[in-house]
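Open the model in your viewer and show it as a cartoon.

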Amino acid sequence: GKGNYRHFMEKEIHEQPEVMGYTLFHYYRSADRSIALPDLPFDPASLPKLTIVAAGTSFYAGMVAKYWFETLARIPVEIDIASEFRYRNPVMPEGGAALFISQSGESLDTLMALRHARDGGQHIVALVNQPESTIARESDVVLETLAGPEICVASTKAFTTQLVALLTLAVDFARRRGSASKEQLDAVMDSLVHLPAQIGEVLKETEKWLPVSHELSKVRDVLYLGRGLSYPIAMEGALKLKELSYIHAEGYAAGEMKHGPIALLEEGVPVIMVAPMDPWFEKVASNAMEVRARGGRVILLSDRSGINRLGDLATWSFELPECDPMVAPILYTIPVQLLSYFTAAEKGTDVDQPRNLAKSVTVE
Ligand code: M6R
């Protein structure tokens, strides 16, 4: 049941600290910082290429993972949405691996893409929340998220647990490849260990998201911007807002705004900036100024130093705890979920079962 929560979505958002912890400590032991994964049919140290394929929110987890595998493990990564990948003729090198991310393990597009990669001679790795699923059964290696059953059609805890598992995997590959310093990898894992408690703190004060959600519930268009690791989170934020509140939302890489979507800006359009203090922050700051100069209302998601730097031009600023920049996309997913949840609740839409959508998409 929903317990004291109004919707399954609200309950599942609040379960995240706990299930992220289950997922992390399923693979990781903080006492000696060791990572234990299922046996792999390939050696990550000599992996020529990793292909990541998924749909919807799981695809955005893959986009974040691409940054992690490239930056930390220095593995060439190709990512695609399942419904495109299966109809392309992608170049798959001998000995390559393909990773399929799916909460349900039943998305037909993802399953067909998996078979396409198998025909291309790739080692098949699945990251699923349902270990008994078809995608799990057809894979060489199965990594699990321990999110527990996700009832709400909109994915929340499945996504954040996917990210926890993917970052742990990327760190493991980085160690085996000797591609990043011990200090950097230890710092990433230490920050990941602290993350569930930090998210618990964010979830203690959800009332502060109500006034802005009230404003969002009245608008027609919303722009979500981020760069680097925050770009996929901007995409995820826009998807969540569309699917739950039926508001037209666009997620964009902030630097791409000037190549088109800036034309949408008029007086009052809300622009949500996913902007932790990271190597991309100054670039995002100048995008925020462009938005402000055109009358857009900036909703700033950042940490203390980011808000000190930019808070003056924002209509609303929300301070999140400090964390390692590599871990930030996981933390910044929480406000994105809360904004869409409270906006939808305010509009009175069917939060757990939005129109036209199904929990697992087993058709083409
Ligand atoms: O079960 P899967 O992870 O394969 O599902 C993929 C998408 O259908 C799913 O993430 C969808 O985009 C969600 N409704 C997003 O909230």
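The model is predicted, so to speak of local features pLDDT of at least 70 is needed, side-chain atom pairs count only at pLDDT 80 or more, and totals for chains, interfaces and linings use all residues. Residues are numbered from 1 along each chain as its sequence is written, and side-chain values use heavy atoms, with hydrogens and water left out.

Now extend the selection to β3 (residues 50-54) and β4, which pair in the parallel sense over 5 bridges. Two strands count as paired if DSSP finds at least two bridges between them. Strands are DSSP runs of E with at least two residues, helices are runs of H or I with at least four, and both are numbered from the N terminus.

Show the whole sheet next. It is open, with 5 parallel strands in the order β4-β3-β5-β6-β7. β4 (77-81) and β7 (141-144) are the edge strands; each has a single partner strand, so one side of each lacks a neighbour in the sheet. Neighbouring strands are turned by 20° against each other on average, direction ignored.

Axes here are lines fitted to C-alpha atoms, for helices over the stretch in contact (heavy atoms within 4.5 Å), and angles run from 0 to 180 degrees between N-to-C directions.

For the largest pocket, select Ala55, Gly56, Thr57, Ser107 and Val361, which lie nearest its centre among 29 lining residues. Elements giving two or more residues to this lining are α3 (56-71), β5, α5 (108-119), α7 and α10 (231-245). α3 gives the most, with 4 residues. The pocket holds about 600 Å³ of space. On a 1 Å grid over the protein atoms alone, a pocket is an open set of points with protein on both sides within 12 Å along at least five of seven lines; a cavity is a set where a 1.4 Å probe fits but cannot get out, and lining residues have an atom within 4 Å of a point. Grid points are joined across faces, edges and corners, and volume is the space filled by probe spheres set on the points.

Last, which residues line the largest cavity? Select Leu40, Phe42, Leu50, Ala97, Leu99, Val125, Leu143, Leu169 and Phe173. The volume of this cavity is about 50 Å³. β5 and α7 each supply at least two residues of its lining.
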